[in-house]
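Q: Got a model open here and want to talk through its sheets and helices. Can you walk me through it?

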Amino acid sequence: MTLRSIIAGTGSALPKRCVSNAELAKTIDTSDEWIVERTGIRSRYIADSTETTATLATDACRRALEAAGMDAADIGLIVLATATPDQTFPSSATKVQASLGIDDCIAFDVHAVCTGFLYALTVADSMLRSGAASSALVIGAETFSRILDWEDRGTCVLFGDGAGAVVLKAERGDRGILATRLHADGRHGDLLYVDGGASTTGTVGKLRMKGREVFRHAVKNLAEVLREVLADAGLESDDIDWVVPHQANARILDATAKKLNLPPEKVIVTVDRHANTSAASVPLALDTAIRDGRIKRGDLLVLEAMGGGFTWGAAAVRY
């Protein structure tokens, strides 16, 4: 039987503070109606000074390990996707490793913004199937509130903080990751970016986005990559039980589903509660839907995301 990376457990973590649209409207020129109509977002979680990308990631990992019935010592690989690491170096993955009490394992970060979790999942899957490790923690974690311009009402209302994690195990069988597809096109880097960096400005910078152009590319790219990954796995759109997409904007989710003739009830939506948590978005939505009972063992899932760069990707998974 084929050696695959199966999802043995999932977990997620959110900051303590939940911020509603109404609360934002007290300090920003916006309203609940304006935000909901354009994005579908009703609230988001914002990290305090004691909560970081690594601490949220660690909490998500502990819950994923508990769900998998595994100890941290069983993990041989940690791949953490983030665009907001605790420090330039060391990697946040090594901080998670230390916090979990793992003395030695492979640990590193990947950076593909909102597509980061799909990139991390693909890398970890390849490493498990090659024998580099037998089990892995794959994490998406962000504190995007640290890089928002809180005077730009067009962007600051869109994002939140959080983390999601999955435990992967290499096993032979029909379940697991069936196929992945990744893309990047750096020609569009000026449509969604942060205006800072260690080797350019020496500052962290703030997020900048041209929303209409991003929307147009997102719908096209996400629909195409979903078709590609299904073809790679020898499946049709009718075979899909659930699509777990990047939670950027409710209108993007609706438009992508329509483009693929997918019924909206097959699309996991958490953007209303969590807003856009970048690399944390897909694993956070996945864990939410598993824990509330919607996603069950044996279901066929398609995970997909697009982010700044542009980067985009998808994975077909038999859960």
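Q: Which strands does H5 lie across, running at about 165° to S6?
A: H5 lies across S1, strand S4 (77-81), S5, strand S6 (135-143) and S7. Helices (H or I, at least four residues) and strands (E, at least two) are DSSP runs, numbered from the N terminus. Axes are lines fitted to C-alpha atoms, for helices over the stretch in contact (heavy atoms within 4.5 Å). Angles run from 0 to 180 degrees between N-to-C directions.

Q: What about H10, what does that helix lie across?
A: Helix H10 (residues 281-291) lies across S1, S6 and S7. It runs at about 85° to S1.

Q: Quick check on where this comes from and how it's numbered?
A: This is a predicted model, where local features need pLDDT of at least 70, side-chain atom pairs count only at pLDDT 80 or more, and totals for chains, interfaces and linings use all residues. Residues are numbered from 1 along each chain as its sequence is written, and side-chain values use heavy atoms, with hydrogens and water left out.

Q: What's the strand order in the open sheet of five strands?
A: The order is S1-S7-S6-S4-S5, with mixed pairing. Two strands pair if DSSP finds at least two bridges between them.

Q: Which strands stand at the edges?
A: Strand S1 (3-13) and strand S5 (106-110). Each has a single partner strand, so one side of each is left without a neighbour in the sheet. Neighbouring strands of this sheet are turned by 20° against each other on average, direction ignored.

Q: How many bridges join S1 to S7?
A: 10 bridges, and S1 and strand S7 (residues 161-172) run antiparallel. Gly11 has Ala165 in S7 as its bridge partner.

Q: How do S8 and S13 run?
A: Antiparallel, with eight bridges joining S8 to strand S13 (residues 311-318). Arg181 has Ala314 in S13 as its bridge partner.

Q: What is Thr270 in contact with?
A: Leaving aside its neighbours within four places in sequence, Thr270 is in contact with Gln247, Ala275, Ala285 and Thr288.
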